Each structure stands twice: as structure tokens, then as C-alpha cells.
Amino acid sequence: MKILVTGGSGFIGTNLIEAIEGSGAIILNYSLHPPLNPKQKEFWRAGDILDRTQTMAAFQEFRPVRVVHLAARAECDENTTLEDGYRVNIDGTRNVLDAIRATPSIQRAIITSSQFVCAPGRLPESDTDYFPETIYGES
């Protein structure tokens, strides 16, 4: 099975790749940055999800069966705007979703986020229940 992980070089991605590495899966870590764990460099392909053409090509060439989307700007910066500070979360995720739609081999995809899309103290009632209280959460 082929698994493509966007942003697999960060903390969560490094641990995810470590967890699936011995499973027999063929892994592609599509990320701007080299992996935190140098032993995982063999899985890394430098790529920017903001580059729509490059992202589409990576998905089409690798033909994954599974996708885990982790690539994002994760730090909170309330002194920026959605358009300036969080393009990777908005436009980049849109590019990943379009690449998933355009890749017939994909059977499953996991799109990740954080608790910031829902303010503390209330649980979401559905997959589309959304109530952020920060710019990061809005992204």
C-alpha cells in the first residue's frame, strides 16, 4: 500500500512515519522541510503544497492509496491575517484536496487540524460544526 503524508517532516509526521515504517507500506513524505529524523530522509520529497502544479504532479506520480494531510502552519499569530499568515492552511489544503480528487488511486484520506477550529468548552456536534476563536482556528 502506498501512503502519502503531507508535512511528514514535523513532530506528528515523523512519529506517524515511524509507526507505519515497518508495515510494508511504501511511504512518501511530501514536505517543504527535511525530516526531523534523518533516518526518514529516504521517504522525503521536497514539495510545497502552495504550489498547485507541483502538488498535483507528486500525487499523480506516486499514486497513493492513502493520504494523511499534516502540512500546515501550526503556530498562532494573531498579528497577521488569514490571507498573509495562513495561506498554507487555506490555499495549500485546497490544493491537497484537489490533488486527492484528481488521483483515482486514493481510497482514504485523513485531513488533520487542531482543537483551535472549535473554541474550548464546547464539543462539535458534526463534522462541519466549526467555531474558532483565533485567526489560526479560522484558517
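Predicted model: local features only at pLDDT ≥ 70, side-chain atom pairs only at ≥ 80, totals over all residues.
**Entry: the strands β1 and β2**

I stayed with this pair of strands. β1 covers residues 2-6, and β2 covers residues 26-31. I found five bridges joining the two, and they run parallel. Another pairing I looked up was Lys 2, which stands opposite Ile 26 in β2.

Then I checked how covered the strands are. β1 is mostly covered, with four of its five residues buried. In β2, five of the six residues are buried, so the strand is largely enclosed by the rest of the structure.

**Entry: the whole sheet**

In what order do the five strands lie in the sheet? I read off β3-β2-β1-β4-β5. The sheet is open, and its pairing is parallel. The strands at the edges are β3 (44-46) and β5 (108-111). Each of these has a single partner strand, so one side of each is left without a neighbour in the sheet. I also noted the twist, which averages 15° from one strand to the next.

At the β5 end I looked at the pairing with β4, residues 66-69. Four bridges hold β4 and β5 in the parallel sense. One of the pairings joins His 69 to its bridge partner Ile 111 in β5.

A general point I keep in mind here is that side chains in a regular strand alternate between the two faces of the sheet.

**Entry: helix α1**

Next I turned to α1, residues 11-20. Which residues of this helix are buried? I found Gly 13, Thr 14, Ile 17 and Ile 20. Seen down the axis of α1, the buried residues fall within an arc of 140°, so they line one face of the helix.

I looked up the value for Ile 12, which has 58% relative accessibility. The cut-off for exposed is over 50%, so Ile 12 counts as exposed.

Together with Leu 36 they make a nonpolar surface patch of about 390 Å².

**Entry: salt bridges**

How many salt bridges does the structure hold? I noted five, and I followed some of them up.

I began with Arg 52 and Asp 98, whose side chains meet in a salt bridge at 2.6 Å, N to O. This pair links distant parts of the chain. Arg 52 is in helix α2 (residues 52-62), Asp 98 is in helix α4 (residues 87-101), and they are 46 residues apart. Arg 52 has 39% relative accessibility and counts as partly exposed.

Asp 98 also meets the side chain of Arg 101 in a salt bridge, at 2.7 Å, N to O. Arg 101 and Asp 98 both lie in helix α4, three residues apart, about one turn of the helix. Arg 101 is exposed, with a relative accessible area of 63%. I therefore wrote the three down together: Arg 52, Asp 98 and Arg 101 are linked in a network of salt bridges.

I also followed Asp 91, which forms a salt bridge with Arg 87. Their closest N and O atoms are 3.2 Å apart. Both residues lie in α4, four residues apart, about one turn of the helix. Asp 91, at 24% relative accessibility, counts as partly exposed. Arg 87 counts as partly exposed too, at 39%.

**Entry: two loops**

Where is Arg 63 found? I placed Arg 63 in the loop between α2 and β4. Its phi is near 55°, a positive value in a residue other than glycine.

My last stop was Ser 23, in the loop between α1 and β2. Ser 23 is exposed, with a relative accessible area of 53%. I looked up its distance to Tyr 86, and it is 34 Å, C-alpha to C-alpha. In sequence, Ser 23 and Tyr 86 are 63 residues apart.

Methods: Residues numbered from 1 in each chain as written. Heavy atoms only, no water. Pairing = 2+ DSSP bridges. Axes fitted to C-alpha atoms, helices over the stretch in contact; angles between N-to-C directions. Salt bridge = Lys/Arg side-chain N within 4 Å of Asp/Glu carboxyl O. Buried < 20%, exposed > 50% of the residue type's maximum accessible area, 1.4 Å probe, protein only. Patch = residues over 30% accessible without salt bridge, like charges linked within 9 Å, V, L, I, M, F, W, Y side chains within 5 Å. Areas by Shrake-Rupley, 256 points an atom, 1.4 Å probe, with all protein chains shown as cover. Arc of directions from axis to C-beta.
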